[in-house]
Amino acid sequence: MKPRPKVFIAKPCALHVGIQDSGPYQAQPNAILEKVFISITKHPDEKRLEGLSKQLDWDVRKIQCWFRHRRNQDKPPTLTKFCESMWRFTFYLCIFCYGIRFLWSSPWFWDTRQCWHSYPYQPLTSGLYYYYIMELAFYWSLMFSQFTDIKRKDFLIMFVHHLATIGLITFSYVNNMVRVGTLVMCLHDASDFLLEAAKLANYAKYQRLCDTLFVIFSAVFMVTRLGIYPFWILNTTLFESWEMIGPYPSWWLFNGLLLILQVLHVIWSYLIARIAFKALIRGKVSKDDRSDVESSSEEEDVTTNTKRPCDSSSSNGANWVNGHVEGSYWAEE
């Protein structure tokens, strides 16, 4: 059963911007192709395509189209992805606003040395408690949902990220390192809602808005993850804490997890830089290097195939939607 916010808020918004409430185009039933798809390969090479063409007396283009539609049948429709992104956007934006509002009146936001003042005998206020509980619950949900979502190229990286994040939140809470923990969480939330907003624009086919949001997201991500994080967060956890309270056994584990996050930041920054470089060359945001989604989306298949049968010889079918389908899936997770 879908959560009610997705049904009563996200879905009407998706329908309002023109996203169709329909599943992917269903491939024409064919026992031979279905057996090849399930038992042999989902991406037949040229030699196998030619063999199937002779066996079925089908055009190669028609067989390629069948396999594309069959692969898309196993992927969630654009409406589902829009609703999921709207849920994440809402959470990231709300939790970021809550974090900024909470930290603005906290002394350690302006002076990171206050994170270690009187440690470990620091009071746990209700604001700190709720902040931690909300963040921890959300990342646990991401950890479990990752195994039911589409497997992507960065699955292992995301798995390590979720493990490190949950470990850091739990470990810092147990060891009462909640002050510096709130700084880490708020810093990471600063760019996440921008990415989800760009994905929403992407699904709604607002390409110019999508590109603008992606540029803003990239700038915020680079500044926060490669600038503020190492020179503000890691500086206080590695050096100021050493100076004020000295190293202790859990100190090494805590900083080790923080350094793992920094390595992941560098990897993601490289992926973002690649996308931005392609965007400069092609004049638009290109497909996400992590995405495993077809070059022709499910929504395209529904709209184009009601007008054009699968055995059409049109050569520009994959680039049909508004002339910018090439940039339609850069933001897939």
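Glu 196 and Lys 199 join their side chains in a salt bridge at 3.6 Å, N to O; the term means a side-chain nitrogen of Lys or Arg within 4 Å of a carboxyl oxygen of Asp or Glu. Both sit in helix 9 (residues 178-203), three residues apart, about one turn of the helix. Glu 196 is buried at 2% relative accessibility, and Lys 199 is buried at 3% (buried is under 20% relative accessible area, exposed over 50%, partly exposed in between, with a 1.4 Å probe and protein chains only).

This is a predicted model, where local features need pLDDT of at least 70 and side-chain atom pairs count only at pLDDT 80 or more, while totals for chains, interfaces and linings use all residues. Residues are numbered from 1 along each chain as its sequence is written, and side-chain values use heavy atoms, leaving out hydrogens and water.

The salt bridge count comes to four. One of them pairs Arg 88 with Glu 84 at 3.5 Å, N to O. These two are four residues apart in helix 5 (residues 78-104), so about one helical turn separates them. Arg 88 is buried at 9%, whereas Glu 84 is partly exposed at 28%.

Next, Arg 113 and Glu 243 meet in a salt bridge at 3.4 Å, N to O. Arg 113 lies in the loop between helix 6 (107-110) and helix 7 (126-145) and Glu 243 in helix 10 (residues 207-244), so the pair ties together parts that are 130 residues apart in sequence. Arg 113 is partly exposed at 31%, and Glu 243 is exposed at 58%.
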